[in-house]
Amino acid sequence: PRARGRAPAEPVPAEPEPAPEPAPVPEPVPAEPVPAEPEPVPEPEPEEPVPAPEPVPEPVPAEPVPVPEPVPEPAPAPEEGGGRNRRLDQGLGGGSTVDIVVFHVPDECARSREGCDWTELGVGASDADGNLRWCCSDDAVALGFCQADRQYGRLIIDQDKFQGDHRVLAIPASGHIERSITDGRMDFATEEGRYVMIISNCNDFGRDLQVTGSYEFVSKHGYLPGELFGEMYFFAAITVVYFALFLWYGLSMQCYSESRIEVQKWIILSIGLGLLETFFKTGDYFVWNEDGTRVWYAMYVGVLLGVIKRGISRTLIIMVALGWGVVRDTLTNMKKIYVFGVLYVGTACAEEIMTIIAVDDMNVISDKEETELIDVITVLTFAVAIIDVAYLFWALDALNSSMQYLENMNQNTKLQQYLRLRCFLLLSMLFAVVWAIFGIVNMDIPMLEDKQEWAVAAAWEINYLFILIGVAWLWRPTKNAKEYAFVMELPSMATDGQEMTFDTNVDTIDDDDDLNDVSDHPSNGHNPLEDDEGFAIDKAVEA
């Protein structure tokens with residue numbers, strides 16, 4: 001064949017008969033015979049052996065060897081000066097990198113109107129032209145804010161300025177994967193104050209990620225946030241005050257049980273609800289501080305009791321302003337009072353629960369759901385404000401009517417009681433207006449430190465307790481409390497031949513003001529002083 005005639009010129013041993021195969025090579029090569037081809041390929045030189053270290057029976061050089069994760073590491077994480085940067089996991093090239101940084105913000109800028117410039121704290125970069133970048137992308141590299149070989153697709157961190165703590169989590173480019181931080185503890189030696197945590201996914205060509213989990217801040221005092229420590233102690237102190245008030249009023253009602261009146265039951269109920277509310281809130285904060293988790297039922301029970309307490313208290317103010325227990329022993333429009341109370345409790349309760357949901361779930365709901373939730377809270381807040389204004393005007397109108405009636409009837413002792421009640425209410429309203437203005441100004445120009453912010457909400461609780469104590473004192477249990485509404489005060493006895501007159505022909509108020517029915521007026525032939533169910537003239541007392 002032509003293939004044999006054109007065999008390579010290799011030394012062939014002299015043999016009598018020709019061999020159909022090519023002559024053997026002096027040094028062995030793979031044991032496969034070389035078939036004769038029309039155009040044979042020259043064999044390798046004997047002095048150049050096959051590069052394989054060991055002879056392979058069937059070498060397949062084109063097939064790659066599989067590797068579990070044959071991906072080079074992403075750009076190495078630089079050691080942050082003062083940031084204690086640690087790589088927690090290695091990912092696959094072309095993937096995404098989650099940066100988690102936590103750092104302290106100074107009080108002088110955190111409490112200012114402009115806030116803190118994070119670029120001055122080592123996070124992000126900016127220039128004199130107003131360019132600001134947080135992530136190392138193409139334009140950030142072009143502006144000279146970061147280095148493409150070390151920080152591309154990462155959060156920009158200036159090692160010379162950053163004084164916080166940094167964690168990195170690498171995510172592969174494809175495939176389903178779940179990874180978590182294995183060493184999430186961060187220790188800070190800085191002073192108390194505000195801390196910021198940033199979670200970033202800066203690779204423009206990376207993957208969309210869903211980050212879930214929880215974080216906890218703990219100080220030397222416990223898990224409770226710093227601004228709530230004072231509030232926890234405040235609620236503990238208020239619980240003691242409520243308990244003492246409940247004990248005093250309850251024992252007084254027990255001592256004078258025979259002369260107990262209905263309005264006193266509403267007062268003791270308001271005190272008891274206040275005691276339970278502060279007790280549950282104190283317990284909620286205490287467990288939170290010790291264990292780092294909130295007891296959900298204690299939190300919601302405390303909120304619900306607080307709303308019911310405020311609803312009953314507003315109802316109580318209307319009752320005493322209408323003269324219950326002083327001017328008359330019964331009220332004819334209790335149904336209207338109950339409807340207002342239920343309306344307030346339902347609206348305020350919905351507002352409180354929606355607010356808690358908005359705060360707790362703001363990190364897991366979409367922007368659209370968050371906007372809708374905030375809109376609902378705004379509407380409920382406005383509705384509660386309208387009900388409060390209606391209560392205020394109703395109470396003031398009823399109080400003025402009761403005082404006018406007592407003044408016309410020359411009931412000076414009872415009038416003094418209502419003058420004191422009006423004084424309590426006016427002082428409370430004055431304080432509420434001043435403190436509301438202070439709260440608005442404090443939000444714009446902070447005057448209280450972060451650890452003192454609890455005092456804003458605590459002041460409203462003190463204001464409420466002030467009114468409750470005042471009403472409890474004015475309507476305290478006595479041995480004559482049950483007959484007090486039936487007693488008419490007479491002017492001083494006549495002297496020096498002067499005649500004593502007793503005029504009941506005075507202006508009265510209709511049923512809407514819960515005082516006298518016009519049919520009871522003497523001009524209609526019916527004198528309430530002669531009513532067996534009312535009071536008799538012989539029960540009158542001398543002024």
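This report walks through the aromatic pairs, the charges over rings and the disulfides of a predicted model.

## Rings that pair up

Let's start with the aromatic side chains. The structure has 19 aromatic pairs. Take Phe234 and Trp454: their ring centres are 5.9 Å apart and the planes meet at 40°, so this pair counts as tilted. The two residues sit 220 residues apart in the chain, with Phe234 in helix α5 (residues 229-255) and Trp454 in helix α11 (residues 454-474). Phe234 is buried, at 11% relative accessibility, while Trp454 is partly exposed, at 25%.

Now for another pair, Trp248 and Trp473. Here the centres lie 6.4 Å apart and the planes are at 25°, so the rings are stacked. Trp248 belongs to helix α5 and Trp473 to helix α11, so this pair ties together parts that are 225 residues apart in sequence. Both residues are partly exposed: Trp248 has a relative accessible area of 34%, and Trp473 has 48%.

Together with Phe235, Tyr285 and Trp288, they make one aromatic cluster.

## Charges over rings

Some rings have a charged neighbour over the face. Trp473, the partner of Trp248 in the stacked pair, has the charged end of Arg476 over its ring, 4.1 Å from the centre. Over the face of Tyr464 you'll find Lys309, at 4.3 Å from the ring centre.

## Two disulfides

What does a search of the whole structure find in the way of disulfides? It finds two. One of them joins Cys135 and Cys202, with the sulfur atoms 2.1 Å apart. The angle about the S-S bond is -55°, a left-handed link. Cys135 sits in the loop between β4 (132-133) and α3 (138-142), and Cys202 in the loop between β6 (194-201) and α5, 67 residues apart. Cys135 is partly exposed, at 25% relative accessibility, whereas Cys202 is buried, at 3%.

The other disulfide joins Cys136 to Cys146, again with 2.1 Å from S to S. This link is right-handed, with 90° about the S-S bond. Cys136 lies in the loop between β4 and α3, and Cys146 in the loop between α3 and α4 (148-151), so the bond ties together parts ten residues apart in sequence. Cys136 is buried at 1% relative accessibility, and Cys146 is buried at 9%.

Cys255 is exposed, with a relative accessible area of 61%. Cys423 counts as partly exposed, at 41% relative accessibility.

Key:
Residues are numbered from 1 along each chain as its sequence is written. This is a predicted model: local features need pLDDT of at least 70, side-chain atom pairs count only at pLDDT 80 or more; totals for chains, interfaces and linings use all residues. Side-chain values use heavy atoms; hydrogens and water are left out. Rings of Phe, Tyr and Trp (its six-membered ring) pair if their centres lie within 6.5 Å; planes under 30 degrees apart count as stacked, over 60 as edge-to-face and the rest as tilted. Helices (H or I, at least four residues) and strands (E, at least two) are DSSP runs, numbered from the N terminus. Buried means under 20% relative accessible area, exposed over 50%, partly exposed in between (1.4 Å probe, protein chains only). A charge sits over a ring if NZ of Lys or CZ of Arg is within 6 Å of the ring centre and within 35 degrees of the ring normal. A disulfide is a pair of cysteine sulfur atoms within 2.5 Å.
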